[in-house]
Amino acid sequence: MSDTPVTVLGLGDMGTALARALLKAGFRTTVWNRTAAKAEALVAEGALRAATVAEAVEASPLVVVCLLDHDSVRDTLAPVAKALTGKAVANLTSGTPRQAREMAAWAADQGADYLDGGIMAVPPMIATPAAFVLYSGDREVFEIHRAALDALARSEYLGEDAALASLYDIALLSGMYGMFTGILHAYALIRSQDIKAADFAPMLGRWLNGMSGAVAGYAEKIDSGDHARGVVSNLAMQSAGFGHLIEAAEEQGVSPELLAPLGPLMARRVADGHGHEDLSGLVELLHTRP
Ligand SMILES: NC(=O)c1ccc[n+]([C@@H]2O[C@H](COP(=O)([O-])OP(=O)(O)OC[C@H]3O[C@@H](n4cnc5c(N)ncnc54)[C@H](OP(=O)(O)O)[C@@H]3O)[C@@H](O)[C@H]2O)c1
């Protein structure tokens with residue numbers, strides 16, 4: 001059995017996967033869930049059941065929290081605030097950067113060390129090489145509890161600002177949803193002509209893989225602020241062509257609503273005199289604060 005006991009608060013799909021990974025890695029694992037019955041399978045596998053949150057917190061120096069959202073974390077931890085003194089809290093519940101900073105400040109007020117985390121995986125991926133978890137907050141706490149955290153997934157520490165894990169998590173998910181919206185729109189178009197999505201899928205996959213060079217290519221332009229360097233498809237041309245995408249969708253009886261927001265942004269950037277530049281320049285229109 002590994003020497004550091006670990007507590008897991010929250011046994012939904014993700015919390016259960018985390019607790020199971022800790023058990024499999026040999027950690028003495030105490031579990032608590034609001035609906036107690038969800039602990040039964042884990043207890044049968046060797047987990048220790050805590051009857052209350054206070055008992056769960058008491059059991060281990062490291063408390064992994066994986067609840068639904070920020071409010072459920074506050075509701076669960078606030079009544080046991082005193083018991084958290086001297087504990088390390090690794091909050092892997094999804095939330096915003098502001099909520100992460102708020103939790104870090106609250107934990108500090110209780111005398112607890114705090115790590116915020118973003119799980120980049122779905123439950124079946126936990127403890128497999130495909131999963132990783134982002135961490136930010138107290139570096140020393142991360143290092144002290146590294147063995148337990150590594151049992152969940154590959155750990156990536158981002159920095160002392162507790163908000164970083166959430167920021168990266170949300171940026172990665174935003175990139176993912178952007179890709180998903182394009183994929184769904186493409187399939188709707190194909191289906192409008194009674195073509196099977198599965199027949200089109202290999203070509204779409206090849207195309208998207210080919211276009212993934214934009215990740216690094218745009219990054220270079222965004223960091224330098226020079227969107228005019230090495231342009232192979234200028235924005236004025238892309239903006240004109242984008243009109244065809246909307247028109248074609250409407251002709252095919254497909255709503256362009258997933259795609260449409262890009263059109264006015266492109267047109268605005270062209271009207272501002274950036275038609276010779278790359279699409280990467282749209283990022284300059286997105287900041288709402290100076
Ligand atoms: N599942 C995924 O694919 C995935 C991937 C990455 C990150 N995450 C994040 O991981 C976290 C947990 O996700 P999940 O998939 O485990 O969700 P879930 O299956 O819906 O479980 C939610 C958990 O939160 C608890 N809970 C909800 N409201 C509560 C409250 N007011 N007080 C105390 N406990 C409360 C639930 O307890 P009861 O059992 O009593 O309802 C349950 O343990 C979320 O923040 C999610 O965004 C999930």
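Helices here are DSSP runs of H or I with at least four residues and strands are runs of E with at least two, numbered from the N terminus. This is a predicted model, in which local features need pLDDT of at least 70, side-chain atom pairs count only at pLDDT 80 or more, and totals for chains, interfaces and linings use all residues. Residues are numbered from 1 along each chain as its sequence is written, and side-chain values use heavy atoms, with hydrogens and water left out.

Residues 6-154 are 39% helix and 23% strand, with 17 Å between the end C-alpha atoms.

Now let us look at open space. The second largest pocket has a volume of about 670 Å³. Of its 27 lining residues, Gly12, Met14, Cys66, Leu67 and Leu68 are the closest to its centre. At least two lining residues each come from α1 (13-24), α4 (70-77), β6 (113-120) and α8 (163-191). By class, this lining has 13 nonpolar, nine polar and five charged residues. Ala, Val, Leu, Ile, Met, Phe, Trp, Tyr, Cys and Pro count as nonpolar, Asp, Glu, Lys and Arg as charged, and the others, Gly among them, as polar.

Pockets and cavities are found on a 1 Å grid over the protein atoms alone: a cavity is a set of points where a 1.4 Å probe fits but cannot get out, a pocket is an open set with protein on both sides within 12 Å along at least five of seven lines, and lining residues have an atom within 4 Å of a point. Grid points are joined across faces, edges and corners, and a volume is the space filled by probe spheres set on the points.

The largest cavity holds about 70 Å³. Elements that give two or more residues to its lining are α4, α5 (97-109) and β6, and α5 gives the most, with three. The lining of the largest cavity includes His70, Tyr114 and Asp116, and by class it has four nonpolar, seven polar and one charged residues.

The whole structure has four aromatic pairs. One of them, Tyr135 with Phe142, is tilted, at 5.5 Å centre to centre and 45 degrees between the planes. Rings of Phe, Tyr and Trp (its six-membered ring) pair if their centres lie within 6.5 Å; planes under 30 degrees apart are stacked, over 60 edge-to-face and the rest tilted. Ring pairs link Tyr135, Phe142 and Tyr157 into a cluster. Tyr135 is buried at 0% relative accessible area, as is Phe142 at 2% (buried means under 20%, exposed over 50%, partly exposed in between, with a 1.4 Å probe and protein chains only).

We finish in the loops. Most residues other than glycine have a negative phi. Asp194, in the loop between α8 and α9 (197-211), has a positive phi near 60 degrees and is exposed at 75% relative accessibility. Gln193 also sits in the loop between α8 and α9, and its C-alpha lies 40 Å from that of Leu167, 26 residues away in sequence.
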